[in-house]
Amino acid sequence: MADLLHISHLDARHGLLPAVRDLSLTVSDGEAVALVGANGAGKSTLLRTVAGAHPAAGGTVTFDGDDITGLAAHRRVTRGLALVPEGRKLFPDLTVEENLLVAGRRARPGPWSVDTVLDAFPLLRPIRHKRAGSLSGGQQQATSIGRALMTNPRLLLVDEVSLGLAPVAVDSVYESLTALIADGATVVLVEQDLSRAMSVADRVVCMLEGRVVLDTPVGEVTRDQVTDAYFGLGRAGTTSAPVETPAAHPTPERT
Ligand SMILES: Nc1ncnc2c1ncn2[C@@H]1O[C@H](COP(=O)(O)OP(=O)(O)OP(=O)(O)O)[C@@H](O)[C@H]1O
């Protein structure tokens, strides 16, 4: 598989606070990567920096062979990068369909249209004329992913896929995501539910304090090894239960 995204020695800050530190990562065409890590590990900042929504303080982002480190976010969209942001960020007064159509105005040529999005996310079909602000969390997440698909991305970055969703909504969103991945979509998804993440991804990348501490094919790592990396326990290979630390997310386990 060819490299689609290559991140090299990337730094990103919030004021003086380093959120992403000297981070290097490659995503190949057709790969599904689960990006995991505790609260504050830098996952959202990394995705936002790749999408151009946050400035890089150092390093480079190369997409399909071109250095896009200084490129405006909307130009990255036209090159095929789409971000589903944390918190969905829909237009609450527009309907589902209108939210999709707005994104479609920046679309690259490709298979995605309102109809194909509604096929991929059947839960949206009966509510296509409802205001986005009136939807449940799961409906909003599906709309937000659909909106990103409308740009016909080559790489889909999805932040916090299941955060705040009811279990039945998580099932539904993942059913659609799984089908997209099976269809060959290139996806990086940030997910706090490790089991979920590992069930759909080819590779798992774990961040801790702005750095990658684990980057491995899903089939070559146990859930406990990922949990250890997640908590910075440095004892990958053991099968001991996770230990709560103040920096850790309270619910890495799927309940
Ligand atoms: N807008 C901001 N202003 C200041 N600091 C920020 C801001 N956003 C994030 N940070 C800080 O940057 C670091 C990385 O945060 P980031 O949100 O990227 O991590 P994360 O892994 O996505 O965590 P979470 O799961 O909580 O979203 C944290 O220390 C966080 O407090």
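Axes here are lines fitted to C-alpha atoms, for helices over the stretch in contact, and angles run from 0 to 180 degrees between N-to-C directions. Helices (H or I, at least four residues) and strands (E, at least two) are DSSP runs, numbered from the N terminus.

The structure is a predicted model, in which local features need pLDDT of at least 70 and side-chain atom pairs count only at pLDDT 80 or more, while totals for chains, interfaces and linings use all residues. Residues are numbered from 1 along each chain as its sequence is written. The protein chain averages a pLDDT (the predictor's confidence in each residue, from 0 to 100) of 87, and 91% of the residues score at least 70. For the model, ipTM is 0.95 and pTM is 0.87. Over residues 236-255, however, pLDDT stays under 50, and the model has 30 contacts beyond four places in sequence for this stretch; two residues are in contact if their C-beta atoms, placed from the backbone, lie within 7 Å.

Helix H3 (residues 96-104) packs with helix H5 (residues 137-149) at an angle of about 25 degrees, their axes being 8 Å apart. H3 and H5 are therefore roughly parallel to each other, a term that covers angles under 35 degrees. In this packing, Val96, Asn99, Leu100 and Ala103 of H3 meet Thr143, Gly146 and Arg147 of H5. By class, that contact has three nonpolar, three polar and one charged residues, where Ala, Val, Leu, Ile, Met, Phe, Trp, Tyr, Cys and Pro count as nonpolar, Asp, Glu, Lys and Arg as charged, and the others, Gly among them, as polar.

Strand S7 (residues 155-158) and strand S8 (residues 187-190) run parallel and are joined by three bridges, with Val158 opposite Leu189 in S8.

A further open sheet has four strands in the order S2-S1-S4-S5, with antiparallel pairing. Its edges are strand S2 (17-28) and strand S5 (66-67), each with a single partner strand, so one side of each is left without a neighbour in the sheet. Strand S4 (residues 58-63) runs antiparallel to S5 and is joined to it by two bridges, and Phe63 has Asp66 in S5 as its bridge partner.

Technical notes. Angles under 35 degrees count as roughly parallel, over 145 as roughly antiparallel, 65 to 115 as roughly perpendicular and the rest as oblique. Two strands pair if DSSP finds at least two bridges between them.
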